[in-house]
Number of protein chains: 4
Amino acid sequence: MAGSPAARDHPLTRASFKQGHQRDPMTAPTDPIQHFASDNYAGICPEALQALIQANTSGHEPAYGDDSWTAQVCDRIRDLFQTDCEVFFVFNGTAANSLALASLCQSYHSVICHELAHIETDECGGPEFFSGGSKLLTAKGENGKLTPDAIEELVTKRADIHYPKPKVVALTQATEIGTVYTVEEIRAIAAIAKRRHLKIHMDGARFANAVATLNVHPSEITWRAGVDVLCFGGTKNGLPVGEAVVFFDKALAADFAYRLKQAGQLASKMRFISAPWLGLLDNGVWLRNARHANAMASLMAERLAGIPGVSLLFKPESNAVFAELPAHVASALRAKGWRFYQFIGSGGCRLMCAWDTERETVERFAAEVRALCAST
Amino acid sequence: MAGSPAARDHPLTRASFKQGHQRDPMTAPTDPIQHFASDNYAGICPEALQALIQANTSGHEPAYGDDSWTAQVCDRIRDLFQTDCEVFFVFNGTAANSLALASLCQSYHSVICHELAHIETDECGGPEFFSGGSKLLTAKGENGKLTPDAIEELVTKRADIHYPKPKVVALTQATEIGTVYTVEEIRAIAAIAKRRHLKIHMDGARFANAVATLNVHPSEITWRAGVDVLCFGGTKNGLPVGEAVVFFDKALAADFAYRLKQAGQLASKMRFISAPWLGLLDNGVWLRNARHANAMASLMAERLAGIPGVSLLFKPESNAVFAELPAHVASALRAKGWRFYQFIGSGGCRLMCAWDTERETVERFAAEVRALCAST
Amino acid sequence: MAGSPAARDHPLTRASFKQGHQRDPMTAPTDPIQHFASDNYAGICPEALQALIQANTSGHEPAYGDDSWTAQVCDRIRDLFQTDCEVFFVFNGTAANSLALASLCQSYHSVICHELAHIETDECGGPEFFSGGSKLLTAKGENGKLTPDAIEELVTKRADIHYPKPKVVALTQATEIGTVYTVEEIRAIAAIAKRRHLKIHMDGARFANAVATLNVHPSEITWRAGVDVLCFGGTKNGLPVGEAVVFFDKALAADFAYRLKQAGQLASKMRFISAPWLGLLDNGVWLRNARHANAMASLMAERLAGIPGVSLLFKPESNAVFAELPAHVASALRAKGWRFYQFIGSGGCRLMCAWDTERETVERFAAEVRALCAST
Amino acid sequence: MAGSPAARDHPLTRASFKQGHQRDPMTAPTDPIQHFASDNYAGICPEALQALIQANTSGHEPAYGDDSWTAQVCDRIRDLFQTDCEVFFVFNGTAANSLALASLCQSYHSVICHELAHIETDECGGPEFFSGGSKLLTAKGENGKLTPDAIEELVTKRADIHYPKPKVVALTQATEIGTVYTVEEIRAIAAIAKRRHLKIHMDGARFANAVATLNVHPSEITWRAGVDVLCFGGTKNGLPVGEAVVFFDKALAADFAYRLKQAGQLASKMRFISAPWLGLLDNGVWLRNARHANAMASLMAERLAGIPGVSLLFKPESNAVFAELPAHVASALRAKGWRFYQFIGSGGCRLMCAWDTERETVERFAAEVRALCAST
């Protein structure tokens, strides 16, 4: 049995990855693979890599964020949101979400989220761990989105000390199924949150994709709409590693630096975590990357929509397409080496586009689907 | 106040870092700075950077460690230690130590360590947090090292349920003050650990430096000497980010992958964390880097030893030199832009050499010390 | 607002308790109240109180359980179960369940339970807190009971490290809705637990009532049926305070005494927690108490069943009756001072009988229901 | 091996307790034993027992503190301190201290206490556990007492995020070695706490003894002197079980009821925990009990002081006497059945007096010491 975490990873994806292990990784393949398993299968975008390399040319730099690169990126993020805010860098999304939530509630509090939220389904209890036991209260909701009514119902369901007291609403923007909250939807949730004294956390692992979709200023769907803290995703947008936690309510960030340090989320050579953000933020690369991924998903949806036997499961509003494929088609695609997540007991396939997905790859995939569907 | 963690960083170092903020980080300095504050001020070594860049050329790769790079590095580490072992990658040393310790004890257990151990003095309670409250029992000990007798005393001091039960001995190799445990010293500690049913954890943030000093096979000071789990430091050895947790007792690694995931330590684009290790492990770069840092420290010690008014505080056995400088000399050095840690209320200065410290820098520093001492 | 926890207690019950505050508590009422809110509204049964008083006559006694009373009760419980087992005393049910579960799983593990389980609905996240974040995976199930199939589904739903790994099945015996697992049902669950490497925890807050209902030896529904650890309820059976945690798998109890101490669950004057158990265990008082409570519930069910407009919601198998009363009848009963829990948005009423519930009280209540239903 | 916690209890006391196990506990001894091991070896004082019995005469009562007894005791405690405050009842001192501290700090904060403080030495890491990892920073200090200077030193020692940030000063009143902080000493500590933004927690397991010694109003050494939260000890003062947590700064008690519930510290039949307090608080029994215990300690000190070969180790200011006895004398006393704690590697003996210690017992003990010393 392999010693790496890899060996016990997501079983849904395991079978199709066997090939990868055969390649000699030190030899650059002539034809880099771009499939649809996840936007975190993508590499580092050129601008981010360039900034990382650049950060390595200045010799020694103070550690733990006291370097000039980190200061610069923090300022750039404040500029981006057009407000003063506290910015921290962490290594991944589980840490970003878990630590942000932990700063908003105590162990005997609870967090309201959608039943499909990443914090509920894919962080192995990270939010519960870092908060010391806070409970996630899940709600159903169309298109993977929470509604004010669902929140109100969960808040008012119990008001006794035998059940954790709701303190936070956690939104995912864009959602796990590729939909996007509108400005109005977030504001409506913020109104009920205000009335019920709930803080609003936004899991923005794909925040860039949502901004690209809505075509609004980033502030419009964050602090101007009532969001207290944003986990601003970098990895899926083209970074090698790292997310930013942005506190719009600065009071909530009190001693957060200590929390990060204790939680093993303070990089010593911080500049290699922060500098790549410059590559994304300069010249709007982050939005360009997101728009491209979204466009590829739109293209995919368009191509698949017309194929007999294929149906789209949700309206693709960001960089994911969920499509129902005939089971034998899905199998055949996998056999041909295509990679994508499939959900147990269903023919539902998630096709995720990334900053680097090429139009040609989408067209080729869609053509194969069309051919397979036709040949049945 | 700046929003980044930087603003609240180690106060000892703050004053001297002001200059750094003036430089335009996007402009490569003609003369990269190499000072003596810490080996985590150094950059990425060329081989590690090259491997990272290389890992970005193969297109999409499975996430969470199920990529070919990660598998390869795990095997390389097993080869290095000449034994089957479980290997996991985490983002930094606090996480490595805290999670390794948490896998060895429950909240009502305790960990025996030296009073100068990093887990006690510089991880902001990380070990206590991740273990749910395990207590660190500290011992004094010459040269920053634990002794069998000190361990025995702590184990036998209490045996009632009103005090946490010792379960782990944590060694730092090389120690915080630059000394190194010999093979014999570790074996002697392992003997008492065996008798008292304690596991042995090794904080190897500077493991490479210790191996270089002792000139032994890495297995000789780890599993062959009784170590159960090693936190194998990569960052200080030339990586951008990341440490490896190596379980020689594989049973202790049961479900450790879940622990990592929950703790926010599982990288999604894992190959950018793991691949740089290839740069270190191929062609013995890790040892070359460590030997160089050690050699620079030896040179520094040699040069300083002969200067009237300067005395060395500990025997420099790895890449750190602790020297007592006249207070005005230390001040003058800082004023000239040299960076190093000074300990409160004393003239003790820590001069840390890195994989990239240049002989010329050492010579120039020592010359300045000599001149300043003479001019008093 | 009152400073005591009382002021923020279960809101469902608050309104009806106002009267209680008017009475002078130092004056024994001529007519002690016996209503149907909860079996933990009942007092101390005479035999338990007598044992407590007796334990106060022997002068000083060693603290923390090293007294003769505690040793005696532990032995008595071993005799009761006809097996060697480890016995610990804690202060309440939340502590018993939470600490037992914490000893069976790590923070990244999960516990399978019914969606109505007390650990899920009424312990304010205690299990999550004490385990450091373990997730409760809830299943639906008729009559408030888990089934092997429901467990199998939850165990096999996910097998990746992004979701907590199931480690424990938690059964409640008798269940929250007054039903009872048969010996066969427990054995069937144990079989699937064995196959899936799950431990079995039994929340026996009303274990006595279940034994009384099934009329089997206590061992038949615990260790002989595959239960690893039982939280044996004392409070609802007639104690002033306290539950016993009984580990049939003694290996699971390793260092549990440390866990209790750290968790604030080790009584210093332990004999006042343990000795009252003698009152229950001697002469089978615990079973007599349970049989009486069960009989009163049966009587209540019988009386209510025949009333037009009233329907029973579940088959009453222990000491609870769940009945659907017309809303105005429930209101009228409350107005007359009767106390019972009502579930939000429904006319469902829980009528809980205790060891001291008198036949006359049941008859009087049923008569009032009949009269109120008739007068509509 | 016995299954009860007893079997692994405090080893210092184990040997001498063997006899106790021979007695038939159901038979009231003609001569109740009163020795000097601990004030928690004592029983329930008559007034507390009477109140408990009385609370059992009123039939059913609301659970979880919503009963009339609990409300009454809370008001009585507010009257006692002459201020509005929030009062909560918990089961023991470890829970009281740990939960109070957890409400004052986060996991990355620290608590300053004396190196002999019970929270450091005898709660098995309870404070670390309930706070999620907060570190205890210990100071030395004469007579077991913290000083403003020692606090200032610990607060200013580190100010970087790599070390937990001090948030609380924890005082023990009376201290572990029987001394008592004066009003002035507490005020001086409060002044430095105010300047350094630290909260003040008081472990008052023997608060009554301190009040009795100082002969001041209880408010003078608590909120009037700057204490934020007091753990008001009941068990050692004559209760069967239970302590009160009194928040003078009511804002700090926000959601504390949830914390208690989650932590397994909310009694369901609360009146049996709270009512006994009435027995203590009515007619000043709590002070009478404390004064008696103090007087017995004074008598003991007086009698021992004059014996050649015996020396007192600390000034006995409350109910404990620490005396250095010749080793053979201590052994002989133990052989005769006297129980007291002895500290490893020393002849130091702790002689603790309780509310029920009889003058005759003290005289008899002192006489035996005198005789044994003389016979050497």
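**Confidence**

- Chain A has a mean pLDDT of 91, and 90% of its residues reach 70 or more.
- Over residues 1–29 of chain A, pLDDT stays under 50. For this segment the model has 81 contacts beyond four places in sequence.
- Where pLDDT is low, the predicted coordinates should not be read in detail.

**Relation between chain C and chain D**

- Chain C is superposed on chain D by a rotation of 180° with 0.0 Å of shift along its axis, at an RMSD of 0.0 Å. The two copies are therefore related as by a two-fold rotation axis.
- The C-alpha of chain C nearest this axis belongs to Phe91(C), 3.6 Å from it.
- Of the interface residues of chain C, 99% are also interface residues in chain D, so the copies meet through the same surface.

**Interface of chain C and chain D**

- Here 92 residues of chain C are in contact with 91 residues of chain D.
- The area buried between chain C and chain D is about 7,800 Å², and carbon and sulfur atoms give 56% of it.
- His60(C), Gln262(C) and Lys269(C) together supply 11% of the area that chain C buries against chain D, more than any other three residues.
- Several elements of chain C each supply at least two residues of the side that touches chain D, among them helix 2 (46–55), strand 1 (86–90), helix 4 (93–102) and helix 11 (271–281).
- Helix 3 of chain C provides the largest share of that side, 7 residues.
- By class, the side of chain C that touches chain D has 44 nonpolar, 31 polar and 17 charged residues.

**Relation between chain B and chain C**

- A rotation of 180° with 0.0 Å of shift along its axis also superposes chain B on chain C, with an RMSD of 0.0 Å.
- Gly132(B) comes closest to the rotation axis of the residues of chain B, its C-alpha lying at 3.3 Å.
- The same surface serves both copies, since 100% of the contact residues of chain B recur in chain C.

**Interface of chain B and chain C**

- In this interface 21 residues of chain B are in contact with 21 residues of chain C.
- Chain B and chain C bury about 2,000 Å² between them, with 53% of it on carbon and sulfur atoms.
- Tyr108(B), Ile161(B) and Tyr258(B) supply 38% of the area that chain B buries against chain C, more than any other three residues.
- Strand 4 (165–172) and helix 10 (256–262) of chain B are the elements that give two or more residues to the side that touches chain C. Helix 10 of chain B gives the most, with 5 residues.
- The residues on this side of chain B divide into 9 nonpolar, 6 polar and 6 charged.

**Salt bridges in the assembly**

- Over all chains, the structure holds 88 salt bridges.
- One of them links the side chains of Lys135(B) and Glu120(D), at 3.0 Å from N to O. Lys135(B) lies in strand 3 (residues 135–139) of chain B and Glu120(D) in helix 5 (residues 118–121) of chain D, so the pair joins two chains.
- Side chains of opposite charge can pair when their charged atoms come close.

**Backbone features**

- The peptide bond from Gln173(A) to Ala174(A) is cis, with omega near -10°. Ala174(A) is placed in the loop between strand 4 (165–172) and helix 8 (183–195) of chain A.
- In chain D, a cis peptide bond joins Gln173(D) and Ala174(D), with omega about -10°. Ala174(D) lies in the loop between strand 4 (165–172) and helix 8 (183–195) of chain D.
- Asn283(A), a residue other than glycine, has a positive phi near 60°. Asn283(A) is located in the loop between helix 11 (271–281) and helix 12 (285–305) of chain A.
- Most residues other than glycine have a negative phi, and most peptide bonds are trans.

Definitions and conventions:
Residues numbered from 1 in each chain as written. Chains lettered and ligands numbered in written order. Predicted model: local features only at pLDDT ≥ 70, side-chain atom pairs only at ≥ 80, totals over all residues. Heavy atoms only, no water. Least-squares fit on C-alpha atoms with pLDDT ≥ 70 in both. Contact = heavy atoms within 4.5 Å. Buried area = accessible area lost by both parts, 1.4 Å probe. Helix = DSSP H or I, 4+ residues; strand = E, 2+ residues; numbered from the N terminus. Nonpolar A, V, L, I, M, F, W, Y, C, P; charged D, E, K, R; others polar. pLDDT = per-residue confidence, 0-100. Salt bridge = Lys/Arg side-chain N within 4 Å of Asp/Glu carboxyl O.
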